[in-house]
Amino acid sequence: MAFLRRPLLLLLLVTHQFLQLWIASGSVNEEGQKQEEFYEELLLKPLPDRKVLTHFHFQSSAPPSTSNGRHHHLFPKAISQLVQKFRVKEMELSFTQGRWNYESWGGFDSIPSSNAKPPGVELWAVFDVPQHLIDALWKNLTHTLSGLFCASINFLESSTSYSAPEWSFPPALGNLRYGTLPREAVCTENLTPWMKLLPCRDKAGISMLLDRPSIYRGFYHSQRLHLTSTGFSSEGMDLGIILEQTLTVVLQPNIQRASLARTSEKHIQPSWSLSSIFGKEVNGKCVLAETSNVYLLLDRSLVAELKQLHKENEKSAEIVLTSENFWTNSNFELSAKPDRIFIEESSLLSKNSSILYKFEIEKYSEFKPFDLGLTWKIPVGWMCQQAPLHASRFLMGSGNERGAIAISLISTQPSEGSMGANFDGERCELRVDVFQVVPWYVKVYFHSLQVFVDQQPKAVSDIIGTIHVSPSKDKVSPGVMELALKLPCNVSSAALTIEFDKGFLHIDEYPPDANQGFDIPSAIVSFPNFHASMVFLENDYLNKSPLLSKFQEKSPVMSYTEVLLVPLTTPDFSMPYNVITITCTVFALYFGSLLNALRRRVAEEERFLKEKAAKKTGRIPLLLSKLSAKLRGRRPEPPHPPPGSSSLVNSKLVLKVVLVAGLAVCWQYYIS
């Protein structure tokens, strides 16, 4: 039997390996079509405020096929059916908890421009259909996504919850619909369906690090799903789809140094590793992935600071930025040796270059897990590169009748303000696009728009080059405002204010927590002349990495403002309960007293009281009454009951009748 078991086990092992290779190859058909592909990558980046940015990037691609209704080997079938049924050309869905800190975590590189999202749910989609069919497809799409990701996305089906931007929203390609749910809570019920779209889920590869408690105790996390289709043909052919799944998490690593209490080391960045952040290690790549890599990115400002510290410590006049002397410096230490190091090309906006360390996961296994760790040796401080203007939004005014919305723009780089600006003759202009959606119950007066530049009021026509306004309609559509500002390049601050009145809602339109207030979605501030990109020296390899290829694309710099909380006039929802309670109480007293008075027998009560009074009368009073009667020569009389007994019964009865009648009169007066 032992001789028979060994060949059988060997056959099963070979068959298992063959099936894995066959699935990973995508089963190229006889027509030689391109196979399906899957990539998994992870980017780690230390942040100035002692936190760590982790950015998971998964990409699945399904090439066009001549067969109708083909079977997918790697690409999720649910997404393919969704794209084909609703004719989606491009779509993005994000679930975000927390708010991206643009001041500390930066706002100019590719990650905040593409992955920093507003709190709650954001959904936008571009449809490849005629204009009159878009709204119906949008409603069906929201219901499908709501069931697919276990969320309340179906609330976006109402025309009061979505809008149609014209040009200010960067992905505006025509036939666009945009909607947000700022109060949507994000939990594991949304993450689990998102992970089920991955070929290996969380069982193998980089996705093993997706530990739920570690993710949801972070300061910020945003899961995003972005898909792009190549288009639709009239013959009904299968179209090509690229699905991009990203998860951006900002975590606080545990401090592992016992000597941090000393004042000389209190500013040292905390040392961390993958196992200390996520509680897990990577036991190899996903067998279905084409590539599985982990990257460690050092920001431009951090590299410049490390070079300066290296000069001070080593006292060398010139440092050659090579792979050997840079990753073996005395400033920090890596627990694993990188397989390749990429150096960013210098740009006009910054003379410094970022450093990217690459680690290939395919060399590691369950017996040799991958656990990247970073240990800092000396205190380091730096600042991430920010957008040209820092945008913030707040409310003005008080009371429940009217107020104002203000958008503040403060310059972050006054010395570099002319970079990326337009030069109109001798005048240097900085273009800023503002896209803002306001609910219908916040009635905005667009004619009250005011502009302030460097705390001085300016004419609207001098600052605003293009404006598109779509006034809100009560219970039909929200208000949309799109502005293109042309600010001077040397501007230090700018502000926009617009007044509004607070509307009244029907009692059925209030949410369960109406006293908390009503949300105004985040406004989007973009800089069309500024583009976030990182171009590295070795372009031959970067074309094989979807994450690095994404970094090289010129994406417009954009940022989201805060979500505003507007208090509206809210009725007292306890009043119906109080009315019902007092009404039931009055009816109970009225009918109870009336029935009691009508059904009571007065004669039997009087006889009962006489008998009770006779029982209470003792022998001594009876003998005294007989003795007094004999002395007077009269006939002895039986003792009489208390004189007030019968009158007491009658008075109680009359009092109850009067009380019931009074209650009835009061009730009639209250009703009238």
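Reader: How many cavities of 30 Å³ or more does the structure hold?

Author: The structure holds nine cavities of 30 Å³ or more. This is a predicted model, in which local features need pLDDT of at least 70, side-chain atom pairs count only at pLDDT 80 or more, and totals for chains, interfaces and linings use all residues. Residues are numbered from 1 along each chain as its sequence is written, and side-chain values use heavy atoms, with hydrogens and water left out.

Reader: Thanks! What is a cavity, and what is a pocket?

Author: On a 1 Å grid over the protein atoms alone, a cavity is a set of points where a 1.4 Å probe fits but cannot get out; a pocket is an open set with protein on both sides within 12 Å along at least five of seven lines; lining residues have an atom within 4 Å of a point. Grid points are joined across faces, edges and corners, and a volume is the space filled by probe spheres set on the points. Here the largest cavity has a volume of about 100 Å³. Its lining includes Tyr 102, Gly 107, His 390, Thr 412 and Met 558. Two or more residues of that lining come from each of strand S15 (389-396) and strand S26 (555-560).

Reader: Which residues lie nearest the centre of the largest pocket?

Author: They are Phe 155, Ser 161, Leu 181, Pro 182 and Tyr 441, out of 30 lining residues. The largest pocket has about 890 Å³ of space. Strand S6 (176-181), S18 and strand S24 (518-520) each give at least two residues to the lining, and S6 has the largest share, with four residues.

Reader: How are these helices and strands assigned?

Author: They are DSSP runs, numbered from the N terminus: helices are H or I with at least four residues, and strands are E with at least two. The protein chain has 17 helices and 27 strands.

Reader: Let us turn to burial. What does buried mean, and how much of the chain counts as buried?

Author: Buried means under 20% relative accessible area, exposed over 50%, and partly exposed in between (1.4 Å probe, protein chains only). Of the 672 residues of the protein chain, 45% count as buried.

Reader: Which residues are buried in helix H2?

Author: In H2 (residues 77-86), the buried residues are Ile 79, Ser 80, Leu 82, Val 83 and Phe 86. They lie on the same side of H2 because they cover an arc of only 160 degrees around the axis, where the arc is that of the directions from the helix axis to the C-beta atoms. Lys 77 and Lys 85 are exposed, on the face turned away from the buried side. Among the elements covering the buried residues are strand S3 (88-97), helix H5 (134-149) and strand S8 (241-251). After H2 comes Arg 87, with a positive phi near 55 degrees.

Reader: How many disulfides are there?

Author: A disulfide is a pair of cysteine sulfur atoms within 2.5 Å, and the structure holds two. One joins Cys 200 to Cys 286, with an S to S distance of 1.7 Å. Cys 200 is in the loop between helix H6 (188-195) and helix H7 (212-216), and Cys 286 in the loop between helix H8 (274-278) and strand S10 (291-298), so this pair ties together parts 86 residues apart in sequence. The link of Cys 200 and Cys 286 is right-handed, with 65 degrees about the S-S bond. Cys 428 and Cys 489 form a disulfide too, with sulfur atoms 1.7 Å apart. Cys 428 is in strand S18 (residues 427-438) and Cys 489 in the loop between strand S22 (479-488) and strand S23 (493-502), 61 residues apart. With -80 degrees about the S-S bond, the link of Cys 428 and Cys 489 is left-handed.

Reader: Where is Asp 109, and is Asp 109 buried or exposed?

Author: Asp 109 is in the loop between helix H3 (102-105) and helix H4 (110-115). With a relative accessible area of 13%, Asp 109 is buried. A polar contact is a pair of N or O atoms within 3.5 Å; within protein, one must be able to donate a hydrogen and the other to accept it, and residues adjacent in sequence count only if both atoms are side-chain atoms. The side chains of Asp 109 and Lys 45 make one of 2.8 Å.

Definitions and conventions: Contact = heavy atoms within 4.5 Å.
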